[in-house]
Each structure stands twice: as C-alpha cells, then as structure tokens.
Amino acid sequence: MKLIKLLANLGYGSRKEVQAMIRSGWVKDAHGQVIKDGAAVTHEEVRFREEPIDPPAPLTIILNKPDGFTCSTEDPGETIYDLLPERFAHRKPGLNSIGRLDKDTTGLLLMTDDGKLLHRIIHPKHGCLKVYHATLDRPLEGHEAEQFASGTLQLKGDSKPLLPAPLEVLGDMEALVTLHEGRYHQVRRMFAAVGNHVVTLKRVSLGGLKLPSDLEEGAWRVLTSGELDQVFG
Ligand code: URA
C-alpha cells in the first residue's frame with residue numbers, strides 16, 4: 001500500500017496532513033532513512049517519529065473498561081474511545097466494541113475493525129458465554145440460583161423468558177452470573193426481578209477468555225491470536 005494511504009487509514013492525519021508529515025521527514029524506515037511519499041512500503045518497515053506505526057487492520061484489542069465510560073460515541077460524556085490514542089478514532093476501517101457494557105459496568109471488552117469477527121462473537125448461535133461478577137445491595141436469599149436457572153424468568157417489558165443463566169454464589173452479597181444472551185441491562189434487571197439490586201458489575205470472561213489479571217482498569221492492548229482462540233474455545 002502507498003505510504004500516504006497507509007498512514008491516513010491508520011488515523012495519523014488526512015492524506016494532505018500525512019503528505020506534509022512525510023515531507024517534513026517524520027516518516028523513516030527501520031534504518032532511519034527518510035521515506036518518500038510515493039513509496040510503496042510494507043507496514044513493518046515504517047517508523048513515525050522514530051516509533052513503529054500502529055497495527056494494521058484487521059485489529060482486535062482487549063480493554064479493561066473502567067466505570068463511567070460509555071461504549072457509544074452517540075452518548076454524552078466520556079467514551080471507551082477516550083481510552084485509546086486519539087488517532088484510533090480516525091482509523092479506516094474503524095474499531096467497534098464487540099457488544100456493549102453499561103456505563104457503570106467494568107471489565108473485559110473487545111474492540112475490533114473486523115465485522116465478520118464481531119458478528120461471529122455476538123451471534124447467539126455461537127454461544128460465547130459471558131461471565132459477570134456482581135456485588136449486591138442485599139444478601140442473597142437462596143432461591144436466586146434456581147430462578148436464574150429455570151429458563152422461565154421473565155424480565156419486565158420482554159416478550160420471551162430468559163435462557164437459563166447459571167449463578168455461582170461467592171458470598172452473601174456477591175455472585176458470578178453466566179449469560180448465553182445479551183439483553184439490555186440484563187444482569188441488573190435479573191437481580192431486580194428477584195428483589196435485589198446490583199451495586200457493582202464487572203465482566204470477567206468472554207467465551208474461554210478471562211480478563212487478564214495484569215490488564216489494569218482503563219488499559220488496553222492488542223489481543224493475541226491465542227487469546228482470540230480462547231474466546232471460541
Ligand atoms: N448486564 C448488565 O446489566 N449490564 C451490562 O453492562 C452487561 C450485562
């Protein structure tokens with residue numbers, strides 16, 4: 001791919017801006033030689049202001065979403081895109097979150113520019129399980145696991161009952177819930193339906209992929225191919 005297009009697609013600037021950057025000598029090869037703007041180059045060769053450039057598409061990243069960030073740019077306030085380098089917002093193709101977490105839900109979130117992958121993960125047919133760690137306002141009463149597993153629990157406003165959702169009690173006011181589907185505010189509404197209230201909610205796994213313990217809240221990194229396999233594993 002031509003250098004200008006490569007850098008513009010990665011969000012380093014408009015084609016015009018990128019051309020000016022190249023002419024200013026900001027773009028070099030691995031040996032420190034300035035690259036000319038008409039050059040056809042491989043991605044690995046390019047350095048932008050002495051740094052390797054961002055990964056090309058298809059790109060999938062894993063993010064440990066903090067509290068207070070929304071997943072959609074249409075919502076007001078801070079979004080998950082504010083946690084990434086500013087130029088990521090200008091990548092073509094752009095990154096989208098794979099499913100959504102509520103503003104006040106934390107934890108594992110994948111983002112990708114690969115539409116097919118996105119659909120493979122969120123499509124109910126593939127059944128990528130999602131596990132949430134919930135802390136609660138009131139002690140569990142003992143009947144909740146049975147209700148969640150029943151396949152008959154009906155949430156207000158929904159036409160169909162929920163699929164069975166295993167509940168693992170971790171403490172009086174703490175549990176893990178496994179979902180096979182992803183309805184609006186599902187975990188919070190499930191606990192509301194059994195007379196409780198979710199205080200904090202964190203997604204701890206997606207398919208067979210666990211939130212890495214070394215990924216701090218607010219941090220992200222490129223998902224490895226091994227981790228992607230775990231999502232489907
Ligand atoms: N269930 C919820 O209630 N909120 C989320 O963000 C995810 C699942």
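Predicted model: local features only at pLDDT ≥ 70, side-chain atom pairs only at ≥ 80, totals over all residues.

In which loop is the place of P58? P58 lies in the loop between β3 (51–52) and β4 (60–65), where strands are DSSP runs of E of at least two residues and helices are runs of H or I of at least four, numbered from the N terminus.

Residues are numbered from 1 along each chain as its sequence is written, and side-chain values use heavy atoms, leaving out hydrogens and water.

Another cis peptide bond runs from K92 to P93, with omega near -5 degrees; P93 belongs to the loop between β4 and β5 (96–97).

Now to the ligand. Its surroundings (residues with a heavy atom within 4 Å of it) include L101, D102, Y132 and V187. Helix α5 (residues 186–193) gives the most to this shell, with three residues. Domain 2 (60–124 + 209–231) and domain 3 (129–206) both give residues to the shell, so the ligand lies between them; the domain bounds come from an automatic or database assignment.

Look next at individual atoms. A polar side-chain atom of D102 is 2.7 Å from a ligand nitrogen atom, while a polar backbone atom of V187 lies 3.1 Å from a nitrogen atom of the ligand. Such polar contacts are pairs of N or O atoms within 3.5 Å.

Definitions and conventions. Polar contact = N/O pair within 3.5 Å; in protein donor to acceptor, adjacent residues only side chain to side chain.
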